[in-house]
Amino acid sequence: MVIDTVCTYCGVGCDISFKLDNGQIVKAFAKKEGTVSQGKLCIKGRKGWEYLYSPYRIKKPRIKKEFIKKNKDLFPDHIKKRLNSLFDYDENFYEVDLDLATDIAAWKLKQIKEKYSPYSIAGIGGARTSCESSYFFQKFIRKYIGSPHIDNCARVCHSPSLKGMRTTIGEGAATNPFDDIYKTEFIIVIGSNTTEAHPIVANRILDAVRKGTELAVIDVRQIPLSKFADYHLTIPFESNLLVMNMIARVIIDEDLYNKEFIRKRVKGFDEYKNKILNDPYSDPDLFKKIPGYEDLSEKIREVARKYATKKSMILWGLGVTEHIDGSYTVMAITHLALLTGNIGKEGAGLMPLRGQNNVQGTCDMGCLPYFDPDYRKPSEIGLMTPDIIDAILEGKIKAIYNIGEDIAHIHPNQNKVHKALKKLELIIVNEIFPNEITKYADIIFGVKSAYEKEGVYINAERRLHLSQPVLKIDLPDDWEVLNQIANKMGIKTKYQKTQDVWNEVRTEAPERFSGASYEKLKENRLKGLQWPVKEDDTPRLHIEKFRTEDGYARFSYKQWEKRGMVKELLEKGEFNDFYLTTGRNLIHYNNAVQTKECLSLISKINGDILFLSEKDREYLGSPEKAILKSKYGETDVLPVKYVSWLKKGTAYTTFHFAKSRINFLFGDESDIFVKTARFKSVKVKIIPVH
């Protein structure tokens with residue numbers, strides 16, 4: 001027996017098929033006719049399902065013993081009568097049945113709402129669930145609770161892509177399908193270690209390069225793609241915006257811009273041109289004054305000429321967005337497409353490589369404090385996650401409902417986050433495994449994983465896939481838990497099955513989803529459909545007009561501000577301490593909550609590693625272990641590996657394992673518009689451990 005569904009790890013969102021024998025998974029594979037996978041899966045696709053058989057799954061709801069003790073005398077009689085059914089799970093938690101757990105959750109949420117106000121409750125969602133559950137979650141918080149405070153995991157990754165692209169071209173999503181990589185002549189990859197983070201997209205890039213497409217890689221380190229690149233630009237930390245503006249300046253200086261395209265389709269060019277020509281930081285010759293980076297002066301010119309004179313695409317990842325100027329850099333990336341007309345056509349466009357399958361969908365569903373479904377303006381704008389944390393510490397927010405987003409591990413400034421979580425009166429968590437946030441939870445609901453339910457997931461190219469259960473499990477979906485709680489709070493709902501929720505999405509977000517029926521999605525199980533979906537789907541955006549109110553794109557220039565590594569090198573010729581960046585490895589996924597439960601994966605890598613330049617080995621005394629320390633916190637002891645692909649004074653590590661405490665290093669510095677943390681650059685001291 002073979003069941004076709006969708007992989008929900010990275011933003012590539014591969015179609016995936018499972019072979020079963022006697023109801024047990026024998027293997028995962030991809031069919032050659034699959035549009036996204038093209039018959040190939042990365043190791044997480046092939047082996048990342050093993051967690052389904054882990055003995056550590058959360059099978060029954062859990063309630064913290066301390067929470068029961070605090071509320072025992074306050075519980076209404078219908079709850080008090082059933083407290084003798086609590087089962088002793090471990091020293092901290094009871095296990096209970098779903099009916100009692102949802103009764104208690106509904107009672108406590110109602111009590112907090114009445115005692116403090118609806119604004120004292122916030123929801124933080126994650127993209128590890130389906131569109132239906134994300135949609136239901138934002139409705140639950142906004143309509144049923146009455147709070148505007150709803151956010152999701154895009155806050156720590158691609159919110160700047162949404163902000164930057166909407167500002168200039170009116171839509172914060174990829175303009176082209178992945179397969180347009182085969183139809184382009186020149187590719188720029190910036191801030192994305194694509195082979196590790198989005199391997200099936202990297203396959204396409206490598207296939208295209210082998211057939212003659214030229215490639216430029218821009219990063220703070222050499223990555224595996226660099227070996228295949230015609231141009232590799234190792235840039236200083238926090239200089240993405242600087243480099244993008246320089247490329248634009250060369251295109252203007254050398255009269256390589258597409259005057260006809262700009263005249264017909266873009267506003268604000270004269271002001272933009274004037275600003276960039278008068279910007280002292282837009283001249284590539286600035287790099288001639290920056291020790292160790294002098295080669296960039298000419299390389300930037302070469303990349304600019306290629307990009308402007310060929311059919312070109314730009315792909316980017318969190319190495320662009322997780323900075324204080326992430327939104328501005330995304331705007332600068334879009335400027336390059338607008339200057340050259342490399343948008344709105346086959347093989348030319350913009351591709352933000354979303355970190356997770358359904359980050360796009362979760363945002364589309366309105367699981368953001370400043371957008372309703374379909375990116376409409378909400379009646380009231382709520383708080384972003386960092387503001388929610390501050391509001392907890394100020395005593396304004398008393399309860400959090402958290403779905404599939406481990407804020408006690410993945411978010412920045414963990415000292416502060418942990419302090420805030422201890423202050424809450426109520427934390428409810430929907431999860432599939434225990435993790436850092438469940439340690440703080442008062443009520444935990446075990447829920448279905450993506451391979452156990454039906455639902456829509458939207459990948460980084462706006463492609464909808466409909467999942468179907470591979471295994472049957474007696475657990476609720478996320479939206480079913482919320483629905484039961486809502487009913488017990490006195491709100492009568494009409495949802496019987498997941499499809500009912502999706503049909504409401506099609507009504508509430510018609511601009512993108514009106515034609516995307518389950519029937520149509522089932523017919524296209526291996527292909528998917530790219531939104532907007534009306535009669536047909538839409539592989540490419542902005543062909544005749546941009547998705548702005550008047551149909552025109554806009555230039556929105558921001559001058560780079562001198563700071564960090566570049567400032568130190570310009571003023572002193574060197575810098576003190578080390579600059580650290582973070583990223584993923586191929587084996588594990590984000591907080592590793594699923595991948596560490598897969599024996600085939602955890603047996604390969606079971607911890608985070610600190611990578612340092614060979615050129616720093618002697619200076620540090622060749623330690624095999626070290627602690628990283630910033631002004632905000634410090635890590636646990638990390639094993640050290642010395643490599644040739646890092647420049648002197650730079651460091652790199654993954655963040656998959658909570659025990660490493662990597663995110664204790666980062667503070668509150670974040671994107672000026674959307675508060676995405678500055679994960680890709682922090683000054684650290686390296687403390688050798690001998």
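Is Tyr-231 buried or exposed? Select Tyr-231 and check: its relative accessibility is 14%, so Tyr-231 counts as buried, the cut-off being under 20%. Keep in mind throughout that this is a predicted model.

**Stop 1: a ring pair across the chain**

Phe-186 is buried, with a relative accessible area of 0%.

**Stop 2**

Now widen the search to aromatic rings. The structure holds 30 aromatic pairs. Select Phe-136 and Tyr-144. Their centres lie 6.1 Å apart with planes at 70 degrees, so this pair too counts as edge-to-face, for which planes must be over 60 degrees apart. Both Phe-136 and Tyr-144 are buried.

**Stop 3: helices H9 and H14**

Select residues 240-253 for helix H9 and residues 326-340 for helix H14. How are two packed helices described? By the angle between their axes and the distance between the axes. For H9 and H14 the angle is about 20 degrees and the axes are 9 Å apart. H9 is therefore roughly parallel to H14, as angles under 35 degrees count that way. The crossing of H9 past H14 is left-handed.

Show the side chains at the contact. From H9, pick Asn-240, Leu-241, Met-244, Asn-245, Ile-247, Ala-248, Ile-251 and Ile-252. From H14, pick Tyr-328, Thr-329, Ala-332, Ile-333, Leu-336, Leu-339 and Thr-340, which those H9 residues meet. By type, the contact has eleven nonpolar residues, four polar and no charged.

Zoom in on Ile-251, in helix H9. Ile-251 is buried, at a relative accessible area of 0%. What does Ile-251 touch, not counting residues up to four places away in sequence? Its partners are Leu-256, Tyr-257, Ala-304, Tyr-307, Ala-308, Leu-336, Leu-339 and Thr-340. For a sense of scale, draw a distance from Ile-251 to Leu-601. The C-alpha atoms of Ile-251 and Leu-601 are 46 Å apart, and 350 residues separate them in sequence.

**Stop 4: helices H16 and H17**

Move to residues 385-393, helix H16, and residues 414-423, helix H17. These two pack at an angle of about 55 degrees, with axes 9 Å apart. That angle makes H16 oblique to H17. Their crossing is left-handed.

Which residues meet here? On the H16 side are Ile-389, Asp-390, Ile-392 and Leu-393. On the H17 side are Lys-416, Val-417, Lys-419, Ala-420 and Lys-423. This contact divides into five nonpolar residues, no polar and four charged.

Colour H16 by burial. Thr-385, Asp-387, Ile-388, Ile-389, Ala-391 and Ile-392 are buried. The buried residues of H16 pack against strand E7 (121-125), E8, strand E15 (399-403) and H17. Just after H16, look at Gly-395, which has a positive phi of about 80 degrees.

**Stop 5: Val-156 in its loop**

Select Val-156. This residue sits in the loop between strand E8 (150-152) and helix H6 (159-169). Its relative accessibility is 9%, so Val-156 counts as buried. Leave aside neighbours within four places in sequence, and Val-156 is in contact with Glu-322, Glu-405, Ile-410, His-411, Pro-412, Thr-676 and Phe-679. Next, draw a line from Val-156 to Gly-292. It spans 31 Å, C-alpha to C-alpha, for 136 residues in sequence.

**Stop 6: a buried glutamate**

Finish at Glu-568, in helix H23 (residues 564-572). How does its accessibility come out, buried or exposed? Glu-568 is buried, with a relative accessible area of 12%. Show what lies within contact, leaving aside neighbours within four places in sequence: Gly-573, Glu-574, Phe-575, Asn-576, Tyr-579 and Lys-683.

Technical notes
Residues numbered from 1 in each chain as written. Heavy atoms only, no water. Axes fitted to C-alpha atoms, helices over the stretch in contact; angles between N-to-C directions. Helix = DSSP H or I, 4+ residues; strand = E, 2+ residues; numbered from the N terminus. Parallel < 35°, antiparallel > 145°, perpendicular 65-115°, else oblique. Left-handed = near helix turned anticlockwise from the far one by under 90°. Contact = heavy atoms within 4.5 Å. Nonpolar A, V, L, I, M, F, W, Y, C, P; charged D, E, K, R; others polar. Phe/Tyr/Trp six-rings, centres within 6.5 Å; stacked < 30°, edge-to-face > 60°. Buried < 20%, exposed > 50% of the residue type's maximum accessible area, 1.4 Å probe, protein only.
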